[in-house]
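Q: Could you take me through this structure? Please begin with the order of the elements, then move on to the packing.

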Amino acid sequence: MTPGSDSLPAPAPAGAGRQRRGLRGLAVQYLIVLAVILTLNFLLPRALPGGPLGALGGEDVGELTAEQRAQILAEYGLDQPIGVQFATYLRDLARGDLGTSFINGASVRSLIAEALPWTLLLVGTALVCTALIGLVLGAWAGSRRARGGGTPVVVGVLVLDAMPSFWLGMMLIVVFAVNLGWFPTFGAQPIGTDATGLAAIPGILHHLSLPALTLVLVGLGQIVLVVRSSMVSVLGSDYLEHARARGFSERRLLFGHALRNAALPVYTILLIELGFLVGGALVVETVFAYPGLGRLTFSAVQSQDYPVMQGTFLVLSLSVLLANLVADLTYPLIDPRVRTGAGAT
Amino acid sequence: MSRLSGAVRRLGPLGWVGLALIGVAVAVAVAGPLLAPFSGTERVGPPFQRPNSVNWLGTDDVGRDLWSQLLLGARPSVVVGFSVAIIAITIGATVGAYAAVSGRRTDAALMRSADVVLTLPFLPVVVIAAAFLGPGMGVRVLVISLLTWAGTARIVRVSVLSAMQRPHVEVALAAGASRRWLLARHSSFIVGPLLVPLFVRAAAAAIVLDASLNFLGLGDPTQPSWGTMLYWANVRGAFLTDAWQWWAMPPGLALLMVTAGLALVGIAVEEQINPALAATR
């Protein structure tokens, strides 16, 4: 980044670059995505090679007589025209009915309700830590780059970014849990614990550490790079030169001006990162046997428990959608340039 | 294209390291079946063996040779990564460039569809598609490509738009040249330098995504791959014992090597060709 490149717009989420379209365009876009997700969720089980019957599990489909087949189809309403099926599907969704699990007959909704808080805890913690550490590291690397340094941080962060999260998780378990014994290897709480409320917190935090650390390390890369580049561009900008000429101390410049402006894209990156974190949590929870949505999805995939799979897919997708929507809606509040349309692509 | 070759010449140590890493991966992917002592899918010894003179990395829970799996696993990753990158860039660059030189409505429609794709949550969509559509490599390549093209389209569009605003292009436009004709003549100059960064980004993302799919057990069980090795390592708790050293670490390191290599090359080239990418990073 060369000095004076403050004319380049900061990275913005999918919506902010087209603020002229306004809220209506944004709403249309998100509704379309929602429709795509719902349709995917509806169609895919019916795309199975064995037909929708394959998705029902249970009987060996090939052994059913034609009569039994017709009976099952009628029972699940699968003999209705597809339009009617879709309408039923939407109606059930609106009522919050996500079906029942093949494996243990529990309602999908209750399974998800049990798992969701753990995922939220994991993802939330990881997000906050990533933001804080990323800001500090990125700012440091940015201020060093002007003097030609900071490369080790960038390379280090890049390596972390390139690492597959599930492998990193496994390695962390090996080092910190199995060999050093500092942390537990699986679960969200110590086994057989009766602790509830405040007393349960230390156990929970203990079990949370390694999974959260994995997510943080993997997500750090993006944040550090963004903060660093925006830091560099701010530090080289004219108004900062001016402030420097007026005699402000380097430290005041760094924290008072540079950091605040550099933090701008971090906000959106964070919210977008939330989407990736949710996906990343899927894999990390699997490694750590952490009882969140990700783990639920994994065991559903393994046992071919399609209702649960569809339920978790829906919830995961909707959360990512929500995060992106919040990012798009709130970004103009933070970046005045977007509001006034200046410097946009 | 001279800008591109100039950038390659100034690759710098990071870039060369990256290139070397990628080179090793590609070489192993190509020569895998020749180098691997066993097939990786059949039982060749007692399970859970430590590394020895026959099985250099020991055996897995069924007794399959891990070293062969490691070597043979290069091919699916490299093939998927490169295929996705090629497909995604072809679609994305075409859409992005076309949108940039078309009228407002076409541009808006194309970009809106790109935004829709970008807003979809990657991993859940890929997981559910793979879960229902089956474990074949073609399915994975298709699904990942359909999600990756959108990012490329946006970047290419920005690049073409800014190129269209350059003085000499404005002169040509004023003289009556159509934007599409200009694009056709100059597209390699405009899009060329972007190709390398776009390619490495798409390939790296695809490789990790594909490995994640395999790790979740959605991959092809008949084909050894790094993600699948880690799947079994996880399911059989290899990292709770010594076995992590020869079962869990090598495939992860292999994945890391390829993605880090791609990322390094991307960074090295990006440093030279800056503006459009830096703006959208």
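A: From the N terminus on, chain B runs α-α-α-α-α-α-α-α-α-α-α-α. Helices here are DSSP runs of H or I with at least four residues, strands are runs of E with at least two, and both are numbered from the N terminus. The model is predicted, local features need pLDDT of at least 70, side-chain atom pairs count only at pLDDT 80 or more, and totals for chains, interfaces and linings use all residues. Residues are numbered from 1 along each chain as its sequence is written, chains are lettered from A and ligands numbered from 1 in the order in which they are written, and side-chain values use heavy atoms, with hydrogens and water left out.

Q: How many helices and strands are there in chain B?
A: Chain B has 12 helices and 0 strands. Its C-alpha atoms fill a box of roughly 75 × 40 × 30 Å along the principal axes.

Q: At what angle do helix 9 and helix 10 of chain B pack?
A: The angle between helix 9 of chain B and helix 10 (residues 226-235) of chain B is about 35 degrees, and their axes are 7 Å apart. Axes are lines fitted to C-alpha atoms, for helices over the stretch in contact, and angles run from 0 to 180 degrees between N-to-C directions.

Q: Which residues of helix 9 of chain B meet helix 10 of chain B?
A: Ala211(B), Asn214(B) and Phe215(B) do, and among their partners in helix 10 of chain B are Leu230(B) and Tyr231(B); contact means heavy atoms within 4.5 Å.

Q: Changing topic: how much area do chain A and chain B bury between them?
A: About 4700 Å², with 78% of it on carbon and sulfur atoms; this is the accessible area (1.4 Å probe) lost on being put together, summed over both. Phe166(A), Trp167(A) and Met170(A) supply 13% of the area that chain A buries against chain B, more than any other three residues.

Q: How many residues does each chain give?
A: Chain A gives 60 residues and chain B gives 48 residues.

Technical notes
Buried area = accessible area lost by both parts, 1.4 Å probe.
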